[in-house]
Amino acid sequence: MIIPDQRLIQLTLKVFMMVDLLQCVAHVLQYCQYTARFSLILFTNVYAISSYCVWLLLLWPLRVLQPSVYWKLESVLFKGLLAMVTTWFFTAGYKIIESGDELSVLYEKEALLLANHQSTGDVPSIMASLHGRQKVGGTLMWIMDEMFRFTHFGAASTLRKDFFIRQGKAVREQQLLNLHAHLVSDYVALDRKWIVLFPEGGFLYKLKESNKKYAEKNKYPVWNHITLPRVGAVKVVLESLADGLSSHVDTGESAMKISEEMSEIQKLMTEGQQTTYCDTSPLGFQSDEDVFHGSLLQWIIDVTIVYPKDNPLTLVNIGAGSWSACDVLLHFRAYPVSDVPRDEEGMKQWLFKRFAEKEIMIEEYYSHGTPLSQTDDQKRLLARRKDGACHFDGLHVVFFHLFYLISFYFQCLFIWKPIFVCISQAFTL
């Protein structure tokens, strides 16, 4: 039997101790990096949201005298906030990979965007995707849970008249009435375009068990990656903004005209010519008002959000950059509102069908790695885009960081400092 040399044993122990020490140091440095990044993100929130809110308050007289100018300026400032969120996303190594319908022809159109809701990472993912789409990011109207009213983002959303909806059976009817009144009074006046709504009404991990019981009890399908959508808010949006819509049965001619116009637009875009899809169409087709029979809301855009390994990003992950670099998939499908039945049951079945298709796409992706665009073989009016990464406009992002940072400096100098001096003097008297 060979007895190991004592010095060799000691050397081996020292090596193991050194490895353990290096691992501990690496973990400490990593957590320091997460903390530093998260602190920087918090500071970004402070100077961006504060500057945005103060600018809106300073411009308040313009809101009374020239409201259209005021809300145009607000949309530019709000798009700047989306630039902040986009920075957090991309600097952590997270990329948005988009697929599905080409939405560029809808940037100036009124639309309802419906998304599945998995975590707090969904809103930043949508913001990062919509930030670079011309004026879309600035003219969004968000419909969100009441709890967000009491956050820093809630302060900005309150000033720009997004809608906060309270959950619960006791207040459901009143909340839907409030939503209707809000849309009728503010959506048009503020020149909003896309409305963002999460029909599931909450995060997947919170609703999964209760949704399973409800689905089994009412003989609905039980899904693993999404929950049954609620039709209430969708119905209110359509009834409030799509009243001029013709019935579901007589939409064939309209759909054909839209399809023809879209084909011509895509043809011109391919040939490198510039064209505008607007009321006075240079192509000689009917205007949007004729095609959609006076409906204000023209399109429903369905977006399916998919995270790697069925493990959704959260705001903390994005803020700290604590996940390794990954891709977040966003798959878009656009439908004219005329495709949606007007009766409640028909609307519910239409919405359930869209979410059932989401479940199939997500399941195929997780089980076999099949791209969402391949599972989605549905024929729709808009042309398909190539699967690819979302555009990141670095110059635009840097500009808004500097703008909000400089604004915050002058606000501290001329607003916050005098206020704190007055308060401190009042306490010393």
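Is Gln134 buried, partly exposed or exposed? With a relative accessible area of 49%, Gln134 is partly exposed, where buried means under 20% relative accessible area, exposed means over 50%, and partly exposed lies in between (1.4 Å probe, protein chains only). The structure is a predicted model, in which local features need pLDDT of at least 70 and side-chain atom pairs count only at pLDDT 80 or more, while totals for chains, interfaces and linings use all residues. Residues are numbered from 1 along each chain as its sequence is written, and side-chain values use heavy atoms, with hydrogens and water left out.

The protein contains 14 helices and eight strands; helices (H or I, at least four residues) and strands (E, at least two) are DSSP runs, numbered from the N terminus. Of its 429 residues, 48% are buried. Among the contacts (heavy atoms within 4.5 Å) with a separation of 6 or more, 78% are between residues 24 or more positions apart.

Gln134 belongs to the loop between α4 (122–130) and β3 (141–145). Although Gln134 is not a glycine, it has a positive phi of about 50 degrees. Asp310 also is not a glycine and has a positive phi, of about 55 degrees. Asp310 is placed in the loop between β6 (299–306) and α11 (315–320), and its relative accessibility of 35% is why it counts as partly exposed.

Helix α3 covers residues 67–91, and its 25 residues should span 36 Å at 1.5 Å a residue; the expected span is 1.5 Å times one less than the number of residues. The end C-alpha atoms of α3 are 36 Å apart, which agrees. Helix α3 is mostly covered, with 18 of its 25 residues buried. Just after α3, Gly93 adopts a positive phi of about 90 degrees.

Helix α7 comprises the 14 residues 204–217 and reaches 19 Å from its first C-alpha to its last, close to the 20 Å expected. At Ser210, α7 bends by about 35 degrees, the bend being the angle between axes fitted to the seven residues ending there and the seven starting there. Leu204, Leu207, Asn211 and Ala215 are the buried residues of α7. An α-helix has 3.6 residues a turn, so residues three or four places apart point the same way. Just after α7, Lys219 takes a positive phi of about 60 degrees.

Ser99 lies in strand β1 and is buried, with a relative accessible area of 6%. Apart from neighbours within four places in sequence, the contacts of Ser99 are Leu330, His331, Phe332, Leu372, Ser373, Arg385 and Asp387. Asp101 is found in the loop between β1 (94–100) and β2 (111–115), and counts as buried because its relative accessibility is 1%. Not counting residues up to four places away in sequence, Asp101 touches residues including Phe332, Arg333, Arg380 and Arg385. Asp101 and Arg385 are 284 residues apart along the chain, yet their C-alpha atoms are separated by 5.7 Å.

Lastly, the lining of the second largest pocket comprises five nonpolar, five polar and seven charged residues. Ala, Val, Leu, Ile, Met, Phe, Trp, Tyr, Cys and Pro count as nonpolar, Asp, Glu, Lys and Arg as charged, and the others, Gly among them, as polar. A pocket is an open set of points on a 1 Å grid over the protein atoms alone, where a 1.4 Å probe fits, with protein on both sides within 12 Å along at least five of seven lines; lining residues have an atom within 4 Å of a point. Of the 17 lining residues, Lys72, Ser75, Lys135, Thr139 and Asp191 lie nearest the centre of this pocket.
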